[in-house]
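Please walk through this structure with me, from the whole fold down to single residues. The sequence and the model come first.

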Amino acid sequence: MELPYIRIRKINELIKEIPIDFIKPENEFRVKELSTLLQISKSSASNFIVSLKALGFIEGKKKFRFTKLGEKYAKLIIRGQESEAREILREHIKNFGYFQIVLQKLKVRGKLTIEEIGNILALHYDKAWKDVATVKNYGASVASVLDFIGFGIYRDGALLAVNEKVKEETEFVAPDVNVKKIFSILKALYPSGSDIHTLSQRLETKEGRLSVELGCCILLGLVKRSAKGYYEVTEYGKELIDPLVVENEKKRKFRLAILKSPYRIILVRLLEKNKTVGLTVKEIGELLEYEFRKKWNEKTKQSYAKKFIDWLKFSEILSREKGGYQLKVDLLKEELSKTLNTEATEESLSKSVSKSDLIKYYLLGKSIGQIIGKTQEIDIDEIVGNILMFCREEEFEDLAEDWKSDYQLFKEIGDCRIFLRDIRMLEKVLGVMSK
């Protein structure tokens, strides 16, 4: 049973040094030829071959050649299409028992050291590895592959399960990243996320600086920590980089991201003080300094202010006018009001709605049906809000859309009977016959 002995990053680096013609399945090669081609020792070339063979990318005994799958993977790596290569390997991993064994243990334990992974492999495949360094090397190689394809996070000699949630509060960091870099971060993290070390290499950004930039993205609701040291794009963040979403819609979504984030306090303060015209970089910098309870030098204040202005200009909250910048007051007030109302409603609903008993919700729906058949005064906003929350929690997205649509009609015609069809559909999806 072959097991990878080289970590995936090194494997990919070596693949990039191989000429395209060399990886064609009809081309056979020996260890010595590969050693000469890559200018590495025979021992390193042999380990490289063992690792490629363990992944199903080459076949042979004394003479070797790339498989069709190996050729496809290698070409993607050589062309810099790492995401596509990752997807191929992710699907292919399901065919290998040793990965599934480690994944099963990882799911139960939540965390495995590379020595533990090596021992699991040695025990299962009856390997007589006496040297601890060898055990750890095999463990690290397997861990690196699982990290690369997003099935785990390999860091500091251990593999962490991706589903291990990390309770971390994000510090309210100053706006220290421009819009262009935010989009670069989102694209670099899509589709399967990354640890900060790999991401810093991908973006050519130091980890300390990137940590601050990620903090801004998290506060904006565009990035999330799915595990310690591991970051992913949120569903909302994915909408921003969707190539089918038009530019104006991206600007609107980014605007809403700001208004839903802690950064909106700056805009609220400007509205409160009626300071909306003739804004300068210096004034915004001083306001940021005040709200963050910091003491910055002039250069730092200017840097933060310019980046925050960049956010506001892209999201069309701010425009450049003679004598300074100007807030689009009407647009800002309207969308800020919508955001605050939505948050208040969601907070109220989160206290009143529970997911533990489906029959309870059915009875709620039934009672609503009885209520709307009467003429007494009812709080239809609260009723519809409760039903929408229920539908979303139970992933009845189509039902939720029907309720939202009919609620808009209700506001126009004022007739509660518009909801009778929705209640019948709710009864149907719950599998309960109405009497």
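**From the whole chain to single residues**

Residues 24 or more positions apart account for 63% of the contacts in the protein with a separation of 6 or more. The model is a predicted one. Its secondary structure comes to 21 helices and ten strands. The protein has 435 residues, and 47% of them count as buried.

Start with a pair of helices. Helix α6 covers residues 97-109, and helix α8 covers residues 132-148. The two pack at an angle of about 80 degrees, and their axes lie 11 Å apart. Angles of 65 to 115 degrees count as roughly perpendicular, so α6 is roughly perpendicular to α8. Which residues make the contact? On the α6 side they are Tyr98, Phe99, Val102 and Leu103. On the α8 side they are Val142, Val145 and Leu146. By class, this contact of α6 with α8 has seven nonpolar residues, no polar ones and no charged ones.

Now pick out Phe99, which lies in helix α6. Is Phe99 buried or exposed? Its relative accessibility is 0%, so Phe99 counts as buried. Leaving aside residues up to four places away in sequence, Phe99 touches Leu55, Ile93, Val142, Val145 and Leu146. Leu121 is 22 residues from Phe99 in sequence. In space, the two are 9.4 Å apart, C-alpha to C-alpha.

Next comes Arg86, found in helix α5, residues 82-92. Arg86 has a relative accessibility of 3%. The cut-off for buried is under 20%, so Arg86 counts as buried. Its contacts, not counting residues up to four places away in sequence, are with Arg9, Phe148, Ile149, Ser192 and Arg202.

Move on to helix α16, residues 298-314. Within α16, the buried residues are Lys301, Tyr304, Ala305, Lys307, Phe308, Ile309, Trp311, Leu312 and Phe314. Just after the helix, Glu316 takes a positive phi of about 65 degrees.

That leads to backbone geometry. Most residues other than glycine have a negative phi, and most peptide bonds are trans. Some places in this chain depart from that pattern.

Gln39 is not a glycine, yet it has a positive phi of about 55 degrees. Gln39 sits in the loop between α2 (31-38) and α3 (42-54). Is Gln39 buried or exposed? With a relative accessible area of 72%, Gln39 is exposed.

Asn274 is another residue other than glycine with a positive phi, here near 55 degrees. The place of Asn274 is in the loop between α14 (264-272) and α15 (281-291). Exposed means over 50% relative accessible area, so Asn274, at 62%, counts as exposed.

The last stop is a peptide bond. Tyr190 and Pro191 are joined by a cis peptide bond, with omega about 5 degrees. Where is Pro191 found? It is in the loop between α9 (179-189) and β6 (194-195).

How values were computed. Residues are numbered from 1 along each chain as its sequence is written. This is a predicted model: local features need pLDDT of at least 70, side-chain atom pairs count only at pLDDT 80 or more; totals for chains, interfaces and linings use all residues. Side-chain values use heavy atoms; hydrogens and water are left out. Helices (H or I, at least four residues) and strands (E, at least two) are DSSP runs, numbered from the N terminus. The expected span of a helix is 1.5 Å times one less than its number of residues. Buried means under 20% relative accessible area, exposed over 50%, partly exposed in between (1.4 Å probe, protein chains only). Axes are lines fitted to C-alpha atoms, for helices over the stretch in contact, and angles run from 0 to 180 degrees between N-to-C directions. Angles under 35 degrees count as roughly parallel, over 145 as roughly antiparallel, 65 to 115 as roughly perpendicular and the rest as oblique. Contact means heavy atoms within 4.5 Å. Ala, Val, Leu, Ile, Met, Phe, Trp, Tyr, Cys and Pro count as nonpolar, Asp, Glu, Lys and Arg as charged, and the others, Gly among them, as polar.
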